Amino acid sequence: MTTIEIYREQVREAILLRNGKPILNGSAEHAAVIVQEIFQNARHSVKLLSNRLDGDCYARPTVRNAAKTFLAGSTSKVQILVEAGLWDDGAAYNWSAHPLIEDLRKFATGDNPRLEMRRVPKNWCEAYDYNFMILDDYGYRFEADRSRAAAVGAFLPAAENKGSVKNLEEIFDKLWTHS
């Protein structure tokens, strides 16, 4: 087994066991594994706060396929917040050409879109440095510094107080409201 295959097995085990044990992530390749596994294991929702949907992670076919498979479910939903104001002042970036968004765009239509995406205002982005992704109501991947792929992931037991996930959801929902 390669080191990335071993890492993938550790992530899968952490999600399946939901024991809260932290999973460290130090590269874009590790990030892609966690993101793919989050999409593959989500049942209802995925919320993502990202600086730019870095192609080294989000443009990988494995991540895109996992996201499409998740959104094919009738009750699944993905909400994406991008901090484009930090690097795209004129809002000129063509998000529909981003590989992930291009693949998921068909889920953003209709009366009940399963994909929604918003841009966080620059002044809000400047108030914090982190990025994160939330899996349903029990898991997350958290980057303390949005400029680096280094992160920690955790998948909490059903019976445990999920305060850390709830805190991230509150932050996300507040940013969503103001975006």
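This is a predicted model: local features need pLDDT of at least 70, side-chain atom pairs count only at pLDDT 80 or more; totals for chains, interfaces and linings use all residues.
Let me start with glutamine 36, which lies in helix α2, where helices are DSSP runs (H or I, at least four residues) and strands are DSSP runs too (E, at least two), numbered from the N terminus. Residues are numbered from 1 along each chain as its sequence is written, and side-chain values use heavy atoms, with hydrogens and water left out.

Is glutamine 36 buried or exposed? Glutamine 36 counts as buried because its relative accessibility is 8%, given that buried means under 20% relative accessible area, exposed over 50%, and partly exposed in between, with a 1.4 Å probe and protein chains only. Leaving aside its neighbours within four places in sequence, glutamine 36 is in contact (heavy atoms within 4.5 Å) with Arg8, Thr62, Val63 and Ala66.

Now to the sheet. Seven strands, or 7 in figures, form an open sheet in the order β1-β7-β6-β5-β2-β3-β4, with mixed pairing, and two strands are said to pair if DSSP finds at least two bridges between them. The edge strands, β1 (23-25) and β4 (115-119), each pair on one side only. Strands β6 (residues 139-143) and β7 (residues 151-155) are antiparallel to each other, paired over 4 bridges, and the partner of glycine 139 in β7 is phenylalanine 155. Helix α2 lies across β1, β2, β3, β5, β6 and β7, running at about 30° to β5; here axes are lines fitted to C-alpha atoms, for helices over the stretch in contact, and angles run from 0 to 180 degrees between N-to-C directions.

Which residues touch the most other members of the largest nonpolar core? Of its 38 residues, they are Phe39, Val46, Leu53, Tyr58, Val78 and Ile80, a nonpolar core being a set of buried Ala, Val, Leu, Ile, Met, Phe, Trp, Tyr and Cys residues joined through side-chain atoms within 4.5 Å. The largest share of this core, 7 residues, comes from α2.

Finally, a word on tryptophan 87. The charged end of arginine 52 sits over the ring of tryptophan 87, 4.3 Å from its centre, where the criterion is that NZ of Lys or CZ of Arg is within 6 Å of the ring centre and within 35 degrees of the ring normal. Tryptophan 87 counts as partly exposed, because its relative accessibility is 24%.
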